[in-house]
Amino acid sequence: HNPYVADGKVPFVNYFTQYFKEHPNAKNTIKRVVAEGDLVVLHVHSTQNAQDRGEAVVDIFRVEQGKIVEHWDVIQSIPAESANRNTMF
């Protein structure tokens, strides 16, 4: 449950419509999709422009009758340096 988005379809759509108006060069690349039961999980690389290192995002959706009824997200900025050789994706 994202604390910045109210419940319901309209607030969800409005939030992201406004975000993409403010960030017209934003890009979200889905790296992984996992589905189990009524849950769908996306692992996403989100950037605001081509120069942005971006964020690693995990979106979790609960689905009922083909519709999203709940959404959670976890967001982590991608650091300039890492203590290991693993990537965020």
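**Strands of a predicted model**

Visitor: In this predicted model, which residue in β2 is the bridge partner of Arg 32?
Guide: β1 and β2 pair in the antiparallel sense, over nine bridges. Arg 32 has its bridge partner in β2. That partner is His 43.

Visitor: Which residue in β2 stands opposite Val 33?
Guide: Look again at the antiparallel pairing of β1 and β2. Val 33 faces a residue of β2. The residue opposite is Leu 42.

Visitor: Which residue takes a positive phi in the hairpin of β1 and β2?
Guide: This hairpin has two residues between the strands. A positive phi near 60 degrees turns up in the hairpin. The residue that takes it is Gly 37.

Visitor: Which are the edge strands of the sheet?
Guide: Four strands form an open sheet, in the order β1-β2-β3-β4, with antiparallel pairing. An edge strand here pairs on one side only. The edge strands are β1 (27-36) and β4 (67-77).

Visitor: How many buried residues does β1 have?
Guide: Buried means under 20% relative accessible area. β1 has ten residues and is hardly covered. Its count of buried residues is zero.

Visitor: Is Thr 47 buried or exposed?
Guide: Thr 47 is found in strand β2, residues 39-47. Beyond its sequence neighbours up to four places away, Thr 47 touches residues including Asn 25, Lys 27 and Asp 52. The cut-off for buried is under 20% relative accessible area. Thr 47 has 11% relative accessibility, so the residue counts as buried.

How values were computed. Residues are numbered from 1 along each chain as its sequence is written. This is a predicted model: local features need pLDDT of at least 70, side-chain atom pairs count only at pLDDT 80 or more; totals for chains, interfaces and linings use all residues. Side-chain values use heavy atoms; hydrogens and water are left out. Buried means under 20% relative accessible area, exposed over 50%, partly exposed in between (1.4 Å probe, protein chains only). Contact means heavy atoms within 4.5 Å. Two strands pair if DSSP finds at least two bridges between them.
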